Structure formats: C-alpha cells, structure tokens
Amino acid sequence: MGAHLTRDDGRVRLRPLRADDADDIVRWRNDPAVAGQMFSPAPATPDDHRRWFERMQARGDRLEFVILADERAVGTIGLGAIDRGHGRAQYGILIGEAEARGRGIARQASELLLDHAFDDLRLHRVHLSVYADNAPALRLYRRLGFVEEGMLRQHAVRDGAPRDVVVMGILRKEWREPLTSTPKDE
Ligand SMILES: CC(C)(COP(=O)(O)OP(=O)(O)OC[C@H]1O[C@@H](n2cnc3c(N)ncnc32)[C@H](O)[C@@H]1OP(=O)(O)O)[C@@H](O)C(=O)NCCC(=O)NCCS
C-alpha cells in the first residue's frame with residue numbers, strides 16, 4: 001500500500017507499485033534503452049517480477065512507485081536501501097514509455113520523490129549510481145541538484161565490458177536550496 005504522491009496540478013503523480021504492474025515492468029525493463037542502463041538483469045517474465053515484488057515487500061527497505069503522467073503509467077521511480085538509522089536511501093528512475101522521455105516528466109516525478117524523502121521521511125541524504133556514459137540521466141540528476149561524489153572505475157560489467165560508474169548524492173540542506181542564498185552558520 002502506502003501513500004500516493006501528488007502536487008496541486010496533479011499531471012504527474014506517483015502511486016505505489018502493485019503486483020499487477022508486472023506486464024508493464026517486464027516490457028519497460030526489456031526495452032534496450034532501459035535495459036542497457038540498469039545494474040541488474042531485467043525480469044524475463046511477469047512471474048519473475050512478482051517474485052521480486054514479494055521479496056521487496058517482505059524486506060521493507062524499499063519504496064517503489066509507478067509514475068503516472070495524465071493518469072497513464074509511463075515508468076517507475078523509487079527509493080531503495082532505505083536506512084532510517086543513517087538517514088539515507090538510494091534513488092532510481094526509469095521512463096519506460098519512449099515518448100514520455102525528454103518532456104520533463106522524470107524531473108517532476110523526481111521532485112515529488114525527493115520532497116517525500118526529505119520532508120516526510122526526514123532523510124539526510126539521497127544517493128544514486130549511474131553509468132558514466134548515461135548522458136540523459138546525468139543531466140537530469142545535475143538539474144535536480146545532485147552532486148558528483150566519485151567515480152568507481154570499471155565498477156560494473158555491461159554487454160561484456162567493464163564500465164565506469166558515477167556516484168552522486170544530494171543532502172537535505174541542498175534540496176530546494178535557493179539559487180541566491182546568504183551565508184549562514186553551520
Ligand atoms: C534517465 C531518464 C529518466 C531521464 O528522463 P528524461 O525524460 O530525459 O528527463 P526529463 O523528463 O527531465 O526531460 C529532460 C528534458 O525535457 C525537457 N523538459 C522539461 N520540462 C519540459 C516540458 N514541460 N516540456 C517539454 N520539455 C521539457 C528538459 O528541459 C530536458 O531537456 P534538457 O535536458 O535538454 O534540458 C530517461 O532517459 C530514462 O528513463 N532512461 C532509461 C533508463 C535510465 O537510464 N534510468 C536511469 C538509470 S541510472
């Protein structure tokens with residue numbers, strides 16, 4: 001279950017992932033444009049996804065949402081490895097419907113999720129990993145205010161070749177920081 005995340009204009013909304021999203025998830029994750037940017041293999045069948053969904057719910061350290069744009073499901077976004085003790089979580093996103101990319105939907109969905117992470121869950125830090133050659137994702141993350149914290153050289157193997165992975169993070173005090181801020185005591 002869990003909360004739906006929405007804003008007043010309501011055009012982009014997040015609703016909790018459900019077991020019956022399995023067909024969409026399998027289709028999106030197997031799209032080469034998505035599969036080539038993920039760190040784990042795509043579920044081959046809807047049953048594979050449902051098994052993952054059950055394990056995820058049992059672990060309880062993950063919040064996964066479907067992105068709705070004008071009520072149409074276009075992708076997923078979520079927080080994994082949620083650690084309340086350390087106040088951190090790992091953010092991930094995919095826009096599965098090709099025509100929904102490059103329209104600002106990912107940005108709005110990410111803003112909803114980061115508001116939830118910092119304002120409701122009171123996390124201190126949200127972090128992510130991304131292949132160093134994933135230009136659209138890097139652009140989105142920089143625009144959101146994520147800071148590059150390091151490069152893990154040849155950290156993951158994709159299509160049989162080792163790839164560099166960039167680690168990025170954003171802190172609660174950096175989220176929605178005004179562009180012109182006056183110096184303040186730490
Ligand atoms: C990475 C990913 C989520 C980025 O999504 P996206 O659709 O490119 O991101 P946005 O929705 O923010 O759109 C980006 C562009 O739309 C533009 N845009 C923003 N609002 C807009 C609007 N209202 N109307 C039209 N265009 C708009 C932005 O200006 C931006 O263009 P710019 O980068 O030239 O400035 C997407 O490419 C994807 O799912 N890729 C495959 C999976 C993946 O790589 N996931 C990340 C793994 S780490």
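1. Strand β2 is largely enclosed by the rest of the structure, because 7 of its 7 residues are buried. Buried is used here for a residue with 20 or more other C-beta atoms within 10 Å of its own, exposed for one with 12 or fewer, and partly exposed for anything in between, with C-beta atoms placed from the backbone. L63, F65, I67 and A69 point one way from β2, while E64, V66 and L68 point the other way. Strands are DSSP runs of E with at least two residues, helices are runs of H or I with at least four, and both are numbered from the N terminus.

2. The model is a predicted one: local features need pLDDT of at least 70, side-chain atom pairs count only at pLDDT 80 or more, and totals for chains, interfaces and linings use all residues. Residues are numbered from 1 along each chain as its sequence is written.

3. The sheet around β2 is open and has 7 strands, in the order β1-β2-β3-β4-β5-β7-β6, with mixed pairing. Two strands count as paired if DSSP finds at least two bridges between them. β1 (12-16) and β6 (147-158) are the edge strands; each has a single partner, so one side of each is left without a neighbour in the sheet. From one strand to the next the twist averages 30°.

4. On one side, β2 runs antiparallel to β1, with 5 bridges; R15 has V66 of β2 as its bridge partner. On the β3 side, β2 (residues 63-69) and β3 (residues 72-83) are also antiparallel and share 7 bridges. V66 stands opposite T76 in β3, and A69 stands opposite R72. The hairpin of β2 and β3 has 2 residues between the strands, and D70 takes a positive phi near 50° there.

5. Parallel pairing is found between β4 and β5, which are joined by 3 bridges. A89 stands opposite V126 in β5. The covered face of β5 holds V126, L128 and V130, and the uncovered face holds R125, H127, S129 and Y131. In a regular strand the side chains alternate between the two faces of the sheet.

6. Helix α4 (residues 105-120) touches β1, β2, β3, β4 (88-95) and β5 (125-131), and its direction makes about 160° with that of β4. Helix α5 (residues 135-144) touches β5 and β7 (161-171), at about 160° to the direction of β5. Contact requires C-beta atoms, placed from the backbone, within 7 Å. Axes are lines fitted to C-alpha atoms, for helices over the stretch in contact, and angles run from 0 to 180 degrees between N-to-C directions.

7. In helix α1 (residues 22-30), the buried residues are A22, I25, W28 and R29. They lie on the same side of α1, because they cover an arc of only 130° around the axis, taken from the directions from the helix axis to the C-beta atoms. These buried residues pack against α2 (32-35), α3 (46-59), β3 and β4.

8. The ligand has 19 residues around it, of which Q37, I95, G104, A106 and R107 come nearest; near means a C-beta atom, placed from the backbone, within 6 Å. α2, β4, α4 and α5 each give two or more residues to this shell, and α5 gives the most, with 4 residues.

Note on methods. Two residues are in contact if their C-beta atoms, placed from the backbone, lie within 7 Å.
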